[in-house]
Amino acid sequence: MSKPRSSPTSGISGFSDEIEKAHEPVLVAEALAQLGVHDGGRYLDGTVGGGGHAAAILDASAPGGRLLGLDRDPAALAIAARELERFGDRAVLTRGNFAALDDLAGEHGFAPVDGIILDLGLSSIQLADEERGFSFRSRGPLDMRADPDLRETAADVVNSWAEKDLRAVFAEYGEEPEAARVAGAIVRRRVKTPFEAADELGRFVAGVKTRRPRGIDPATRVFQALRIAVNDELANLEQALAGAMRVLRPGGRIVVISFHSLGDRIVKQFFARESRDCICPPHLPTCVCGHRAGLRVVTRRPLRAASAEVDRNPRARSAALRAAERLP
Ligand SMILES: C[S@@+](CC[C@H](N)C(=O)[O-])C[C@H]1O[C@@H](n2cnc3c(N)ncnc32)[C@H](O)[C@@H]1O
């Protein structure tokens, strides 16, 4: 069988086999059911990562189904290429940001698609890679770029952004209750010693905070906020959802799996707005917007992992899956 076509364009960091095996996809059966995967369908995986969801979609759509897999991380794409090799030409992989998923689907001859899946955030493989600096336990550089071609690292952010901007990022993207205290302390400390390693910032934040959140490391929210800021995650998601409206065929489905409330809220609000015929402000007596529903929400409430899956894969605990269907 021929290899899936792949176009990663820059360096691939070396993951050990042990780490590579560590990403277990979440809510796979639920995602397949919501996508309505069928033989001959054309699917787009905007976050192909370790290739787990993609392989399940290709298995379920055999023999004629095809899948375009995107990832902005060339290292993730290299792993997906290996995982999906057995599907030959049925899998096409390309490096890219899902913010442009409609353009990328068009360029690769996949438009319109029958289904889109976005499994947001990071894979366990990326989190475990010390050199990427995503984890507050990582001894590697404070980097956090999902795409190594991005200009600004997390170290650039903490060492150069104004205090008020750091505070806003920690409050908005991390929902960190002590955002002001942490931002102030970072700015005072960096004058003498700029932050370099991820675990150094993790310990510093833990030392500055006065309250211990239950069940999570004290630095969790600050790290989430920095990762969202460095990778512009929320704006990318909004653009991907808008692009999905252009590239899904009528009756096609979109499935989004989020791991934090900010991402889930964006998906929920987008689905709610796009499933309404009128989006005028409520005080207007008659409709002036002319908006027509383009989606039917399939999951009124997000689907969650069953306890057996959470026991097997603790990452599934915070996963929330929403699905919608494109209307004609
Ligand atoms: C949770 S993992 C996906 C795992 C995958 N579903 C699997 O089964 O192995 C998320 C992946 O999305 C990628 N990613 C995050 N934001 C992206 C974006 N804006 N465009 C493309 N890929 C993105 C990350 O690099 C990561 O590999």
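Predicted model: local features only at pLDDT ≥ 70, side-chain atom pairs only at ≥ 80, totals over all residues.
Q126 has its place in helix α6, which covers residues 124-128. With a relative accessible area of 5%, Q126 is buried, because the term applies to any residue under 20%. Leaving aside residues up to four places away in sequence, Q126 touches D73, A76, G121, R132 and F134.

The structure holds two aromatic pairs. In one of them, the ring centres of F136 and F223 are 5.8 Å apart and the ring planes stand at 85 degrees, so the pair is edge-to-face; the label edge-to-face requires an angle over 60 degrees. F136 belongs to the loop between α6 and α7 (154-160), whereas F223 belongs to helix α11 (residues 220-231), so this pair ties together parts that are 87 residues apart in sequence. F136 and F223 are both buried.

F195 and F204 also form an aromatic pair. Their ring centres are 5.2 Å apart, and with 70 degrees between the planes this pair is edge-to-face. Burial applies here as well: both F195 and F204 are buried.

The chain as a whole can now be considered. Its secondary structure consists of 14 helices and seven strands. The radius of gyration of the chain is 20 Å, close to the 20 Å that the globule rule gives for 328 residues, so the chain is as compact as a globular protein of that length.

How much of the chain is buried? Buried residues account for 54% of the 328 residues, and Q126 is one of the buried residues.

The surface and the charges complete the description. The accessible surface of the chain amounts to about 15100 Å², and carbon and sulfur atoms contribute 51% of that area. The chain carries 46 positive and 45 negative charges, and the mean positions of these two sets lie 6 Å apart.

How values were computed:
Residues numbered from 1 in each chain as written. Heavy atoms only, no water. Helix = DSSP H or I, 4+ residues; strand = E, 2+ residues; numbered from the N terminus. Rg over C-alpha atoms; globule rule 2.2 N^0.38 Å. Buried < 20%, exposed > 50% of the residue type's maximum accessible area, 1.4 Å probe, protein only. Areas by Shrake-Rupley, 256 points an atom, 1.4 Å probe, with all protein chains shown as cover. Lys, Arg positive; Asp, Glu negative; His and termini not counted. Charge placed at Lys NZ, Arg CZ, Asp CG, Glu CD. Contact = heavy atoms within 4.5 Å. Phe/Tyr/Trp six-rings, centres within 6.5 Å; stacked < 30°, edge-to-face > 60°.
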